[in-house]
Amino acid sequence: MAVAPALELAGSARDAVGLGRAQRVANLAGRLRFREAGRPPPGYLVVVLDDVITTGATAAACTRALAAAGVTVSAVLTLLSAG
């Protein structure tokens, strides 16, 4: 197992508390960036860990950003579910 800090939040995304799904998607658009220095080692299964799933917008944005960099996400895990 390895931790690969492959994504960073760039720009000025606002706190997502109180935002609906469409607003959360717009809030993250273009702000998640792949960090080559954090690329997962070849052959590793990649799991995205999110602290809370409210609308799924953050997990989906992370998965898209990783896919755009050629990284396949095997699963998304969350610590809490809102609602």
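**View A. Lining of the second largest pocket in the predicted model.** By class, five nonpolar, four polar and four charged residues make up the lining of this second largest pocket. The space in the second largest pocket comes to about 180 Å³. Its lining consists of 13 residues, and those closest to the centre of the pocket are Arg-24, Asp-51, Val-52, Thr-54 and Thr-58. Strand 3 and helix 2 are the elements that give two or more residues to this lining. Strand 3 provides the largest share of the lining of the second largest pocket, with four residues.

**View B. Lining of the largest pocket.** About 580 Å³ of space lies in the largest pocket. Its lining has 21 residues, and nearest the centre of the pocket lie Ala-4, Val-46, Val-47, Val-48 and Leu-49. Divided by class, the lining of the largest pocket has 18 nonpolar residues, one polar residue and two charged residues. At least two residues of the lining come from each of strand 3 (46-53) and helix 2. The largest share of the lining of the largest pocket is the six residues from strand 3.

**View C. Crossing of helix 1 and helix 2.** Helix 1 spans residues 21-28 and helix 2 spans residues 57-68. Their axes come within 9 Å and cross at roughly 35°. The crossing of helix 1 and helix 2 is right-handed. On the side of helix 1, the contact is made by Arg-21, Arg-24, Val-25 and Leu-28. Helix 2 contributes Ala-57, Thr-58 and Ala-61 to the contact. By class, the contact of the two helices has four nonpolar residues, one polar residue and two charged residues. Arg-24 of helix 1 and Thr-58 of helix 2, both part of this contact, are also among the residues closest to the centre of the second largest pocket.

View D. Confidence in the chain is lowest in helix 1, where the mean is 84. Confidence is highest in helix 2, at 92.

Key
Residues are numbered from 1 along each chain as its sequence is written. This is a predicted model: local features need pLDDT of at least 70, side-chain atom pairs count only at pLDDT 80 or more; totals for chains, interfaces and linings use all residues. Side-chain values use heavy atoms; hydrogens and water are left out. Axes are lines fitted to C-alpha atoms, for helices over the stretch in contact, and angles run from 0 to 180 degrees between N-to-C directions. A crossing is left-handed if the near helix is turned anticlockwise from the far one by less than a right angle, and right-handed if clockwise. Contact means heavy atoms within 4.5 Å. Ala, Val, Leu, Ile, Met, Phe, Trp, Tyr, Cys and Pro count as nonpolar, Asp, Glu, Lys and Arg as charged, and the others, Gly among them, as polar. On a 1 Å grid over the protein atoms alone, a cavity is a set of points where a 1.4 Å probe fits but cannot get out, and a pocket is an open set with protein on both sides within 12 Å along at least five of seven lines; lining residues have an atom within 4 Å of a point. Grid points are joined across faces, edges and corners, and a volume is the space filled by probe spheres set on the points. pLDDT is the predictor's confidence in each residue, from 0 to 100.
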